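Hello,

I am passing this structure on to you, and I hope you enjoy looking through it. Please open it first, and then read my notes below.

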Amino acid sequence: ILRERPDVTVIIAGDGPLRVDLEEMVEAHRVCLTVAVAACVCMSADWLRHSCCLMSITLLTLVMQFESRIKLLGAIPHTQIPAVLQQGHVFLNSSRTEAFCMAVLEAVSCGLKAVSTNVGGVPEILPPDMLLLAEPNSKAIAEAALHALDTCMEVDPASFHSRVARYYSWSDVTDRTVKVYERCLQAKPLRVQASFLPFILVVIHRLIASWIQLLLWLF
């Protein structure tokens, strides 16, 4: 992505065990470019001097640009996350598994176009003009991100924010939840074999016990 789009800066916020891997990856790319610069400088043949000098200057510029175009912010307080998101135009979620990605909703609500791996429940949360999906591999993710970069300037942040607020207002969530229960009530009851009844009763008992423990912990 950085090679294709010299106008792009990558901002990575958050902390965790993968941060070390990211730092090592950035350092490895920087070292490769630096070694290339050194190799060009070491070439001393007269007929190569001019071209190698130009090449080394170009590579040195790439080293400096590479370091400035990747920002690892580390852990961010929750109160500052909106300000960090609003610096960008495209939000990238590359999870391998995901039930419901709240981070995508937060980013789109801040006016960003989102790109996410096509996993779990992510395809269901937003329409295609707000969320681009990609297969969970690096090539597909990079292609989707580049496509999003080509169209992100057409996004109206205020419109994205109001749409997300409308899609996920509590009244809308309540209406959809009620409809699910109504469909369940209208469905024909399933016949449960007697052998499954003890198992079902144990599950229900554990769920009730868990809810009671949660309520006691909260209050």
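Let me start with a term: a salt bridge is a side-chain nitrogen of Lys or Arg within 4 Å of a carboxyl oxygen of Asp or Glu. Searching the whole structure turns up five salt bridges.

Before the details, a word on where this comes from: the model is predicted, so local features need pLDDT of at least 70 and side-chain atom pairs count only at pLDDT 80 or more, while totals for chains, interfaces and linings use all residues. Residues are numbered from 1 along each chain as its sequence is written, and side-chain values use heavy atoms, with hydrogens and water left out.

**Salt bridges**

One of the pairs is Asp129 and Arg163, whose closest N and O atoms are 2.7 Å apart. Asp129 sits in the loop between strand 4 (113-117) and strand 5 (131-134) and Arg163 belongs to helix 6, so this pair ties together parts that are 34 residues apart in sequence. (Helices, H or I with at least four residues, and strands, E with at least two, are DSSP runs numbered from the N terminus.) Asp129 is partly exposed at 36% relative accessibility, whereas Arg163 is buried at 16%. Here buried means under 20% relative accessible area, exposed means over 50%, and partly exposed is in between (1.4 Å probe, protein chains only).

Arg5 and Asp7 also meet through their side chains, at 2.9 Å from N to O. Asp7 is exposed, with 56% relative accessibility. A network of salt bridges links Arg5, Asp7 and Asp150.

Another salt bridge joins Asp15 to Arg19, with 3.8 Å between the closest N and O atoms. Asp15 is exposed at 55% relative accessible area, and Arg19 is partly exposed at 27%.

**Nonpolar cores**

A nonpolar core is a set of buried Ala, Val, Leu, Ile, Met, Phe, Trp, Tyr and Cys residues joined through side-chain atoms within 4.5 Å. The largest one has 18 residues, and those touching the most other members are Leu85, Phe91, Val104, Val108, Leu126, Met130 and Leu131. At least two residues of this core come from each of helix 4 (102-109) and helix 6 (157-167). Helix 4 contributes the most, with four residues.

What does Val104 contact, leaving aside its neighbours within four places in sequence? Its partners are Phe91, Asn93, Ala114, Ile125, Leu126 and Leu131, where contact means heavy atoms within 4.5 Å. There is also a second, separate core of seven residues, with Val115, Ala134, Ala140 and Ala144 among them.

Best wishes
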